[in-house]
Amino acid sequence: VSSNQTDPMIIAGIAYSVFATNQFCTTCSWFSWVLLDIEDGFFSVDKCMKLLQVAPQQDKLPMTQQTETPLAVENEGGERVDSKPCSVLSMQQVVLQYSARGGPVLKGVSFDVKEGERVGVVGRTGSGKSSIIKALL
């Protein structure tokens with residue numbers, strides 16, 4: 001056996017070692033990403049649970065007591081009907097468009113919020129959360 005020749009078994013062993021090391025690193029990297037994704041999920045759930053435990057803020061006067069006299073409304077017959085102050089936020093079939101050339105960013109959004117309810121607006125990037133707030137203002 002000549003000293004200039006390399007044994008094929010040594011080359012195969014080195015190639016297999018490089019391959020196995022690469023596979024091990026890929027598996028470790030994937031496992032790290034999965035663990036980080038699970039951890040992010042736990043942080044999100046924890047934040048939501050903390051938000052749900054926050055006591056509602058009390059206004060100086062409840063919404064129904066902010067006006068001392070009920071609103072006066074006339075029905076179709078011209079008769080005066082007393083009504084209670086409204087304490088509901090309602091959006092029905094709202095369509096919002098920022099410019100004449102662009103398409104609508106909100107299409108047919110409807111919801112009702114009653115007095116004392118908490119509302120969270122959640123969604124993916126670009127789903128219209130900020131547009132809903134702009135439509136309210």
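Analyst: A helix here is a DSSP run of H or I that spans at least four residues, and helices are numbered from the N terminus. Please keep in mind throughout that the model is predicted.

User: How many helices and strands are there in the protein chain, and which pattern does the protein chain follow along the sequence?

Analyst: The protein chain contains two helices and four strands, and read along the sequence these are arranged as α-β-β-β-β-α. Helix α1 covers residues 8-52, strand β1 covers residues 71-74, strand β3 covers residues 89-96, and helix α2 covers residues 129-136.

User: Where in the protein chain is confidence lowest, and where is it highest?

Analyst: Confidence is read from pLDDT, which runs from 0 to 100 for each residue. The protein chain averages 78, with 73% of the residues scoring at least 70. By element, the mean is lowest in strand β1, at 54, and highest in α1, at 90. Over residues 64-71 the pLDDT falls below 50, and this stretch has 10 contacts in the model beyond near neighbours in sequence.

User: Which residues form the salt bridge with each other, and how far apart are the closest N and O atoms?

Analyst: As a general idea, side chains of opposite charge can pair when their charged atoms come close. The structure holds one salt bridge, formed by Lys50 with Asp46, whose closest N and O atoms are 3.4 Å apart. Both residues belong to helix α1 and are four residues apart, which is about one turn of the helix. Asp46 is partly exposed, with a relative accessible area of 37%.

User: What is the relative accessible area of Ser131, and which residues does Ser131 touch?

Analyst: A residue counts as buried when its relative accessible area is under 20%, and 7% of the 137 residues of the protein chain do so. Ser131, which lies in helix α2, is buried, with a value of 9%. Leaving aside residues up to four places away in sequence, Ser131 touches Leu96, Tyr98, Val105 and Leu106. For the chain in general, among contacts between residues at least 6 apart in sequence, 33% join residues at least 24 apart.

User: Which residues make the nonpolar surface patch?

Analyst: The residues are Leu89, Val119, Val121, Ile133, Leu136 and Leu137, and the patch they make is about 560 Å². Leu89 lies in strand β3 and is partly exposed, at 37% relative accessibility. As background, the accessible surface of the protein chain comes to about 12500 Å², and 59% of that surface belongs to carbon and sulfur atoms.

User: What is the phi value of Gln93, and is Gln93 buried or exposed?

Analyst: The backbone angle phi of Gln93 is near 50°, which is a positive value in a residue other than glycine. Gln93 lies in strand β3, the element that also holds Leu89. With a relative accessible area of 57%, Gln93 is exposed, whereas Leu89 is partly exposed.

Key: Residues are numbered from 1 along each chain as its sequence is written. This is a predicted model: local features need pLDDT of at least 70, side-chain atom pairs count only at pLDDT 80 or more; totals for chains, interfaces and linings use all residues. Side-chain values use heavy atoms; hydrogens and water are left out. Patches are made of residues with over 30% relative accessible area and no salt bridge: like charges are joined within 9 Å, nonpolar side chains (Val, Leu, Ile, Met, Phe, Trp, Tyr) within 5 Å. Accessible areas come from the Shrake-Rupley method with a 1.4 Å probe; for residues, only the protein chains shown count as cover. A salt bridge is a side-chain nitrogen of Lys or Arg within 4 Å of a carboxyl oxygen of Asp or Glu. Buried means under 20% relative accessible area, exposed over 50%, partly exposed in between (1.4 Å probe, protein chains only). Contact means heavy atoms within 4.5 Å. pLDDT is the predictor's confidence in each residue, from 0 to 100.
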